[in-house]
Amino acid sequence: MSIEVRIPTILRTYTAGEKAVEGSGATLAELIDDLESRHGGLRDRLVDDRGLRRFVNVYLNDEDVRFLGGLETPVTDGDHVTVLPAVAGGAGPSPHVG
Amino acid sequence: MLTIELATYDAIIAHARRDHPDEACGVVAGPAGSDRPQGFIPMLNAARSPTFYEFDSADLLALYRAMDDRDEEPVVVYHSHTATEAYPSRTDVALAMEPSAHYVLVSTRSPDEVEFRSFRIVEGEVTEEEVEVVESFLTAEPDLSPDEEFPPR
């Protein structure tokens with residue numbers, strides 16, 4: 001068993017076009033590190049030095065991990081993780097550059 | 001070029017007018033690879049702001065799940081500017097994450113004048129494209145020039 005991670009179109013350049021990849025880890029941060037070992041460059045698109053990037057949404061099963069524990073959210077085999085870039089913009093400056 | 005049905009074009013403008021002075025946003029989904037925006041899906045602007053929009057995080061997941069189940073993609077991603085021109089702002093460009101989508105911008109700065117423009121936004125580069133409004137995809141004339149006639153004579 002492992003954790004399935006669904007990858008959005010714009011990040012599939014890091015997964016050789018795959019829509020979903022598998023990984024393991026006890027927390028979301030560990031899972032992302034594990035993915036990075038096979039899909040170099042992916043981590044940088046998901047996290048910055050303050051944690052998860054502001055305009056990248058990561059869901060554990062159906063829940064936005066921001067409402068769970070962010071990068072420290074525990075994950076287990078059989079979980080489904082979905083990555084979706086925010087759909088956002090607007091005439092003014094972004095309220096949170098990130 | 002963006003080819004869009006009149007009913008969808010009107011629905012996007014109506015949504016933008018309705019939510020004015022806040023920005024309105026949504027997508028028009030279509031079969032993956034078809035370039036045909038068929039399913040109008042207005043979204044809630046979770047930012048409820050006259051200068052920013054963002055799909056609600058839970059709504060975003062539900063939207064992408066539903067499109068995925070139907071083998072659809074967001075052919076059009078639209079939003080409004082409420083005091084400025086219908087042209088992608090620096091924020092729009094920085095946050096554009098769908099390189100294959102038509103980014104439609106509507107301006108509601110004038111109550112009488114319609115500003116509806118479409119752009120590609122790829123890796124920070126903005127390219128405006130023509131907008132063709134058709135009555136219906138079903139009755140639209142097939143765009144075949146004589147030497148592309150099928151079957152060949």
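1. Please bear in mind throughout that this is a predicted model. In chain B, if one takes the contacts between residues at least 6 apart in sequence, 62% of them join residues that are at least 24 apart.

2. The secondary structure of chain B amounts to 3 helices and 9 strands, and, read from the N terminus, these elements follow the order β-α-β-β-β-α-β-α-β-β-β-β. Chain B has a radius of gyration of 16 Å, close to the 15 Å that the globule rule gives for 153 residues, so chain B is as compact as a globular protein of that length.

3. As for its extent, the C-alpha trace of chain B spans about 60 × 35 × 30 Å along its principal axes, and 41% of the 153 residues of chain B count as buried.

4. Turning to the contact between the chains, 19 residues come from chain A and 25 residues from chain B. On the side of chain A that touches chain B, strand 5 (56–60), strand 7 (80–85) and strand 8 (88–89) of chain A each supply at least two residues, and strand 7 of chain A gives the most, with 3 residues.

5. Within strand 4 of chain B, B:E54 is the bridge partner of A:A88.

How values were computed:
Residues are numbered from 1 along each chain as its sequence is written. Chains are lettered from A and ligands numbered from 1 in the order in which they are written. This is a predicted model: local features need pLDDT of at least 70, side-chain atom pairs count only at pLDDT 80 or more; totals for chains, interfaces and linings use all residues. Helices (H or I, at least four residues) and strands (E, at least two) are DSSP runs, numbered from the N terminus. The radius of gyration is taken over C-alpha atoms; the globule rule is 2.2 Å times the number of residues to the power 0.38. A residue is buried if 20 or more other C-beta atoms lie within 10 Å of its own, exposed if 12 or fewer, and partly exposed in between; C-beta atoms are placed from the backbone. Two residues are in contact if their C-beta atoms, placed from the backbone, lie within 7 Å. Two strands pair if DSSP finds at least two bridges between them.
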